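Me: Got a protein model open here and I'd like to talk through it. Can you take my questions as they come?

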Amino acid sequence: MTDGESPVRGPAPRLEETGCHSGWDAQPSREPPIVLEPGGGLDLAALADEPLAPPEPAPAAAGEPRPASVEGWMAAARQRLALDDFSGALELAERVLAAEPGNAEARDCQAQSEAALTAMYESKLGPMLRVPALRVRPDEVLWLNLDHRAGFLLAQVDGAVSYEDLFALSGLPRLETARILAGLVERKVIG
């Protein structure tokens with residue numbers, strides 16, 4: 001076998017013969033090249049003139065039609081709110097608000113959903129004046145795979161701070177704090 005010869009097919013084709021630009025290209029590119037401005041950047045002014053479309057909705061549940069407009073998202077949010085699917089209603093209300101920040105019905109749906117979800121998570125915690133304690137050994141905390149927010153809240157659990165104090169210390173929206181604390185209780189990390 002000589003240099004430049006493939007053990008299976010014989011001589012390897014030269015790059016000029018294949019139309020490839022480098023040995024890494026499998027086939028010549030059929031995509032048009034990206035043209036940069038003389039300064040080396042993209043023409044952002046041309047991109048800024050294009051209107052932004054509303055965000056894409058989440059995939060619809062089986063049998064549920066996929067809303068194609070803000071009105072459709074709001075109708076789906078009302079349905080989910082009526083079915084006590086507060087997480088789904090909240091997600092859809094936030095999409096409507098991303099597209100139309102002044103939508104009063106979406107703000108009301110968001111507020112109702114957040115209040116219901118917060119109450120559900122807080123019910124898993126018990127009385128807000130209860131003082132949680134760490135239920136795992138300190139050296140096991142590393143293996144819990146917590147995000148930075150949960151880690152911060154867990155670091156505040158010292159046997160003297162109540163749940164209500166944790167809400168005040170967190171700096172997060174009440175719903176997020178309640179969700180994190182309920183998750184820690186569910187995983188039996190605190191209690």
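Me: Let's start with Glu140: what's its relative accessible area, and is it buried, partly exposed or exposed?
Reply: Glu140 has a relative accessible area of 29%, so it counts as partly exposed. Bear in mind that this is a predicted model.

Me: Which residue does Glu140 form a salt bridge with?
Reply: That's Arg137, and the closest N and O atoms of the pair are 3.1 Å apart.

Me: How many salt bridges turn up in the whole structure?
Reply: The search finds 10. One of them pairs Glu105 with Arg78, where the closest N and O atoms are 2.6 Å apart.

Me: Where do Glu105 and Arg78 sit?
Reply: Glu105 is in helix α5 (residues 104-125) and Arg78 is in helix α3 (residues 70-82), so the bridge ties together parts 27 residues apart in sequence. Glu105 is partly exposed at 37% relative accessible area, and Arg78 is partly exposed too, at 41%.

Me: OK, what about Asp147, which residue does it bridge to?
Reply: Arg149, with the closest N and O atoms 3.0 Å apart. Asp147 comes out at 33% relative accessibility, which means partly exposed, and Arg149 is partly exposed at 28%. Shared partners put Asp147, Arg149, Glu176 and Arg179 into one salt-bridge network.

Me: Switching to packing. How do α6 and α8 cross?
Reply: The axes of α6 (residues 148-156) and α8 (residues 174-186) come within 10 Å and cross at roughly 75°. Angles of 65 to 115 degrees count as roughly perpendicular, so that label applies to α6 and α8.

Me: Which residues make that contact?
Reply: On α6 they are Arg149, Ala150 and Leu153, and on α8 they are Glu176, Thr177, Ile180, Leu181 and Leu184. By class, that's five nonpolar, one polar and two charged residues.

Me: Now Arg95. Buried or exposed?
Reply: Buried, because its relative accessibility is 16% and the cut-off for buried is under 20%. Arg95 belongs to helix α4 (residues 86-99). Its C-alpha atom is 9.9 Å from that of Ala77, 18 residues away along the chain.

Me: Zooming out, what's the overall pattern along the sequence?
Reply: β-β-α-α-α-α-α-α-α-α, from two strands and eight helices.

Me: And how much of the protein is buried?
Reply: 28% of the 191 residues count as buried. The protein exposes about 13,100 Å², with carbon and sulfur atoms supplying 57% of that.

Me: Last one: what share of the contacts with a separation of 6 or more is between residues 24 or more positions apart?
Reply: 54% of them.

Methods: Residues numbered from 1 in each chain as written. Predicted model: local features only at pLDDT ≥ 70, side-chain atom pairs only at ≥ 80, totals over all residues. Heavy atoms only, no water. Helix = DSSP H or I, 4+ residues; strand = E, 2+ residues; numbered from the N terminus. Buried < 20%, exposed > 50% of the residue type's maximum accessible area, 1.4 Å probe, protein only. Contact = heavy atoms within 4.5 Å. Areas by Shrake-Rupley, 256 points an atom, 1.4 Å probe, with all protein chains shown as cover. Axes fitted to C-alpha atoms, helices over the stretch in contact; angles between N-to-C directions. Parallel < 35°, antiparallel > 145°, perpendicular 65-115°, else oblique. Nonpolar A, V, L, I, M, F, W, Y, C, P; charged D, E, K, R; others polar. Salt bridge = Lys/Arg side-chain N within 4 Å of Asp/Glu carboxyl O.
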